[in-house]
Structure formats: C-alpha cells, structure tokens
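Subject: The model for you to look through

Hi there,

Here is the model I promised to pass on. Please open it alongside this email, and then read on for what turned up.

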Amino acid sequence: MSTDLFDLHAEFCAIFSSQIRLRIMWALKDDEKTVTELANQLGITVANTSQHLTIMRNRGAVETRR
C-alpha cells in the first residue's frame with residue numbers, strides 16, 4: 001500500500017482534530033456563511049473562527065470567496 005494514502009489520511013485527521021473545526025464544517029454543510037455568521041452560530045469570537053478557517057483554507061478543506 002502506498003504511503004501517500006496514509007499521508008492523506010493523517011492530513012485529513014489533523015484538519016478535523018479540533019472540535020471547533022468539525023463544528024465549522026457542520027455549519028457549512030448546507031450553505032456558505034460569513035466569518036461573523038459562523039462565529040455567532042458557534043458562540044466563539046470572530047478572531048478564533050478566522051484562525052480556524054485559515055488552517056482549514058491552507059489545508060484545502062474550505063475555500064474563500066469575497
């Protein structure tokens with residue numbers, strides 16, 4: 001078996017090792033939202049939400065649109 005599969009799996013697990021990032025993905029499952037909408041829905045600060053989204057964006061889990 002290729003180590004690439006294990007690398008991919010490890011990266012996926014790293015992205016979603018955070019409960020907040022899992023909650024963000026759940027919140028985005030039906031529709032896109034602004035950072036402020038996500039923060040309000042999750043009950044966390046905009047800054048914290050933005051930090052998690054940056055991690056997710058850098059690893060290809062979400063995309064940004066203005």
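A word on burial before anything else: a residue is called buried when its relative accessible area is under 20%, exposed when it is over 50%, and partly exposed in between, using a 1.4 Å probe and protein chains only. By that rule His-52 is buried, because its relative accessible area is 11%. Asn-40, at 60% relative accessibility, counts as exposed.

Please keep in mind that this is a predicted model, in which local features need pLDDT of at least 70 and side-chain atom pairs count only at pLDDT 80 or more, while totals for chains, interfaces and linings use all residues. Residues are numbered from 1 along each chain as its sequence is written, and side-chain values use heavy atoms, with hydrogens and water left out.

The overall picture

The chain has four helices and zero strands, where helices (H or I, at least four residues) and strands (E, at least two) are DSSP runs numbered from the N terminus. Read from the N terminus, the order of elements is α-α-α-α. Along the principal axes, the C-alpha atoms fill a box of roughly 45 × 25 × 20 Å. The chain has 66 residues, and 24% of them count as buried. Contact here means heavy atoms within 4.5 Å. Among contacts between residues at least 6 apart in sequence, 48% join residues at least 24 apart.

Helix α2

Which residues of α2 are buried? In this helix, residues 19-27, they are Ile-20, Arg-21, Ile-24 and Ala-27. These residues lie on the same side of α2, because they cover an arc of only 120° around the axis (the arc is taken from the directions from the helix axis to the C-beta atoms). Gln-19 and Trp-26, on the other side of α2, are exposed. The buried residues of α2 pack against α1 (3-15), α3 (35-42) and α4 (46-58).

At the start of α2, the backbone nitrogen of Ile-20 has a side-chain oxygen of Ser-18 within 3.2 Å.

Helix α3

In α3, the buried residues are Leu-38, Ala-39 and Leu-42. They cover an arc of only 100° around the axis, which puts them on the same side of α3. Their cover includes α2 and α4. After α3 comes Gly-43, with a positive phi near 70°.

How the helices cross

For these values, axes are lines fitted to C-alpha atoms, for helices over the stretch in contact, and angles run from 0 to 180 degrees between N-to-C directions. Angles under 35 degrees count as roughly parallel, over 145 as roughly antiparallel, 65 to 115 as roughly perpendicular and the rest as oblique.

The axes of α2 and α3 come within 11 Å and cross at roughly 115°. That makes α2 roughly perpendicular to α3. The crossing is right-handed, a term used when the near helix is turned clockwise from the far one by less than a right angle (left-handed if anticlockwise). Here Arg-23, Ile-24 and Ala-27 of α2 meet Leu-38, Gln-41 and Leu-42 of α3.

For α3 and α4, the axes come within 9 Å, with a crossing angle of roughly 110°. So α3 is roughly perpendicular to α4. This crossing, too, is right-handed. Val-35, Thr-36, Leu-38 and Ala-39 in α3 meet Val-46, Thr-49, Ser-50 and Leu-53 in α4.

The axes of α2 and α4 are 10 Å apart, and the two helices pack at an angle of about 85°. That makes α2 roughly perpendicular to α4. The α2 residues Ile-20, Arg-21, Ile-24 and Met-25 meet Asn-48, Thr-49, His-52, Leu-53, Ile-55 and Met-56 of α4.

Back to His-52

His-52 is found in helix α4. What does the side chain of His-52 make a polar contact with? Its partner is the side chain of Arg-21, at 3.1 Å. (A polar contact is a pair of N or O atoms within 3.5 Å; within protein, one must be able to donate a hydrogen and the other to accept it, and residues adjacent in sequence count only if both atoms are side-chain atoms.) Leaving out residues up to four places away in sequence, His-52 touches Ser-18, Ile-20, Arg-21 and Ile-24.

Best wishes
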